[in-house]
Amino acid sequence: MSEQLDPVAALREIAYLMERVLAEPYRVKAFRAAADVVAALSPEEFEARAKAGTWKELSGLGDTTATVVSQAIAGRVPDRLAKLRSEATPLATGGLELLQQLRGDLHTHTEASDGSATIEVSRAAATALGHEYLAITDHSPRLTVANGLSVERLQRQLDQLKELNESDGCRLLSGIEVDILTDGGLDQTPAMLRQLDVVVASVHSELRMPSEPMTLRMVRAIANPYTNVLGHCTGRLITGGRGTRPQSTFDAEVVFAACKQFDVAVEINSRPERVDPPDDLLAMAIEAECLFAIDSDAHAPGQLEFPAHGAARAVAAGVPPERIVNTWPIEELLSWSRARR
């Protein structure tokens, strides 16, 4: 008799490999939802359905996901999984040595805002990748389109992180991707920001603001004592399902000088549709002697591999590894991130 494979693991691996290459989220969701349905079955019902082959009777399983389950139970690698494994090539060809020096990720999203997975699933994926720490940085309340977290929801998340950190896995850091308001303020209360390990501040609205007020807006946010990382500084989109968007205009020399002055890291956003900052601005930030953070901006577990893109760019641009804050040990990182509060 052939060895029985785990159908839940097969479904989740398919979802992960699809996320890694930016497959349509609704397609990925079908596999993760099917995995959760099968995982919730009692041993007795699982065994009965395995014998009868009645997987499609379950709400949440269709032809494709039921076939994956049936093939896994029959002791074979499901066809869909085998195909994705064969297509899974390295995301970037350069920067491997630097990628291996990255100890964690400071910009990630979960289903609490506009991500697709729970904190637990994201943490498991980060742990499997060898991360020592993972910052959970869901959106702030003003970004309603991304289901930003109110004070109350963020506090519940902090309590959850504390509880999860009592179990095995990479260290979960409390954080937020806080919206930079038009006046340069941060879209969360000081009392909440004071509690967090990492604050990524990003512009998400009025991206076409004229250069002078945009510069002032960004500098005010950088000067805020709670800001640690300036996220995707130009806001541009160069490809992908959301279409394209030109970069915001601002005085980059002034902005990066402020980052240097206030000890704020410039994010090298590793999402392939962003590639932010562009090469010319990345060179300016290096010249300004800024710190950097190579982040995934992951909205799904498979996207936690995106820093491969950022590491390749950092090496090509000549970013000194010691100026990349997420190459630092956790104690050094937290000492830096909390120093101005």
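Helices (H or I, at least four residues) and strands (E, at least two) are DSSP runs, numbered from the N terminus. The model is predicted, so local features need pLDDT of at least 70 and side-chain atom pairs count only at pLDDT 80 or more, while totals for chains, interfaces and linings use all residues. Residues are numbered from 1 along each chain as its sequence is written, and side-chain values use heavy atoms, with hydrogens and water left out.

In the loop between helix H7 (119-128) and strand E2 (133-136) lies His131. Because its relative accessibility is 16%, His131 counts as buried, a word that means under 20% relative accessible area, with exposed over 50% and partly exposed in between (1.4 Å probe, protein chains only). Leaving aside residues up to four places away in sequence, His131 touches Arg103, Gly104, Asp105, Ala126, Cys170 and Leu304, where contact means heavy atoms within 4.5 Å.

We turn now to helix H10. Its buried residues are Met214, Thr215, Arg217, Met218, Ala221 and Ile222. They cover an arc of only 160° around the axis, which puts them on the same side of H10; the arc is that of the directions from the helix axis to the C-beta atoms. Strand E5 (229-230) and helix H11 (252-262) are included in what covers these buried residues.

The axes of H10 and H11, which are lines fitted to C-alpha atoms over the stretch in contact, with angles running from 0 to 180 degrees between N-to-C directions, come within 9 Å and cross at roughly 10°. The two helices H10 and H11 are therefore roughly parallel to each other, since angles under 35 degrees count as roughly parallel, over 145 as roughly antiparallel, 65 to 115 as roughly perpendicular and the rest as oblique.
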